[in-house]
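Here is a short briefing to read with the model open beside you. Please take a look at the structure first, then follow the points below.

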Amino acid sequence: MGKKGILHPKITMKNLTSSQVEALKKSLRQLETERLAAEFYETLFKRYPQVKAMFPTDMKELGIKLMSVFELVIYSFEEKSHNQFSLQDTLVRPMQELGKQHEAKGVLPEHYTIANDLLLEILVKQNKNTFTEEVEKSWELALQHLTVAMLSRNKERASATTTDSTLRDTFHSIMKKVIGK
Ligand code: HEM
């Protein structure tokens, strides 16, 4: 596959099926979001203490905001073609804006990979009884869609320049995950 194909989410993004979207909605209803956010940030700071300085001291509100975005994304998946669900077009720009805010706070593209992997790990750990492979896979896809939207401005920059290799590599690795499975 050519570089251009890899870098263009509209062409290469693996979409969700309606049963995956339903699995996500059901899973969301079963989550203890406060406990999830708390363990997520606690583990993040333990394993990657270097990121802690970017965060405020009151993490409770941020946890609520983070979970609200997941909820928004999951309930906004839209059927683009038969049984092919992806992020609603109207959400892409706000998610890009959220991504820009993150960039301004010092969040790097590779932090998204770390955060997504960690989130999945804790989701599975806290929801052993309900997390079937399908539920896990659906979360993984949803987080990838969200991340690609948040980084999509970077992606344009990444495709335009060859000097910013970290950015490009991170985006490629995320896209590879999206396409590869
Ligand atoms: C999965 C994708 C992510 C989502 C949906 C998300 C969501 C959010 C939201 C909604 C806010 C609050 C923005 C506001 O108050 O206006 C926020 C702030 C923030 N996020 Fe994220 N985030 C994500 C990934 C990350 C990653 C990977 C990091 C870094 C490891 C990060 C670090 C931060 C920081 C430092 C703030 C600012 C907190 C503050 O100063 O109040 N986020 N995030």
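The side chain of His102 has an N or O atom 2.8 Å from a nitrogen atom of the ligand. His102 (NE2) is also the only protein donor of the ligand's iron atom, at 2.0 Å. Please keep in mind that this is a predicted model, in which local features need pLDDT of at least 70 and side-chain atom pairs count only at pLDDT 80 or more, while totals for chains, interfaces and linings use all residues. Residues are numbered from 1 along each chain as its sequence is written, and side-chain values use heavy atoms, with hydrogens and water left out.

**The ligand and its surroundings**

- Donors here are N, O and S atoms within 2.8 Å of the metal (3.2 Å for Na, K and Ca); water is not among the atoms, so sites may look incomplete.
- His102 belongs to helix α6, which covers residues 89-105; helices (H or I, at least four residues) and strands (E, at least two) are DSSP runs, numbered from the N terminus.
- Gln101 places a polar side-chain atom 3.3 Å from an oxygen atom of the ligand, where a polar contact is a pair of N or O atoms within 3.5 Å; within protein, one must be able to donate a hydrogen and the other to accept it, and residues adjacent in sequence count only if both atoms are side-chain atoms.
- For Lys105, an N or O atom of the side chain is 2.8 Å from an oxygen atom of the ligand.
- Which residues come nearest to the ligand? Of the 18 residues around it, they are Phe55, Lys65, Gln101, His102 and Lys105 (a residue counts as near if one of its heavy atoms lies within 4 Å).

**Salt bridges**

- The count of salt bridges is nine, each being a side-chain nitrogen of Lys or Arg within 4 Å of a carboxyl oxygen of Asp or Glu.
- As background, side chains of opposite charge can pair when their charged atoms come close.
- Glu39 and Lys125 form one of these bridges, with their closest N and O atoms 2.3 Å apart. Glu39 lies in helix α4 (residues 33-47) and Lys125 in helix α7 (residues 109-126), so the pair ties together parts that are 86 residues apart in sequence.
- Is Glu39 buried or exposed? Glu39 is buried, at 19% relative accessible area, whereas Lys125 is partly exposed at 45%; buried means under 20%, exposed over 50%, and partly exposed in between (1.4 Å probe, protein chains only).
- Glu121 and Arg47 also meet in a salt bridge, at 2.7 Å from N to O. This pair links distant parts of the chain, with Glu121 in helix α7 and Arg47 in helix α4, 74 residues apart.
- Glu121 is partly exposed at 37% relative accessibility, and Arg47 is partly exposed at 43%.
- Another bridge joins the side chains of Glu32 and Arg35, at 3.4 Å from N to O. Glu32 is partly exposed, with a relative accessible area of 47%, and Arg35 is partly exposed, with 39%.

**Two further spots to look at**

- Glu39 and Leu119 are 80 residues apart in sequence, yet their C-alpha atoms are 9.2 Å apart in space.
- Asn83 has a phi near 60 degrees, a positive value in a residue other than glycine. Most residues other than glycine have a negative phi.
- Asn83 is located in the loop between β1 (77-81) and β2 (84-87), and Asn83 is partly exposed at 27% relative accessibility.
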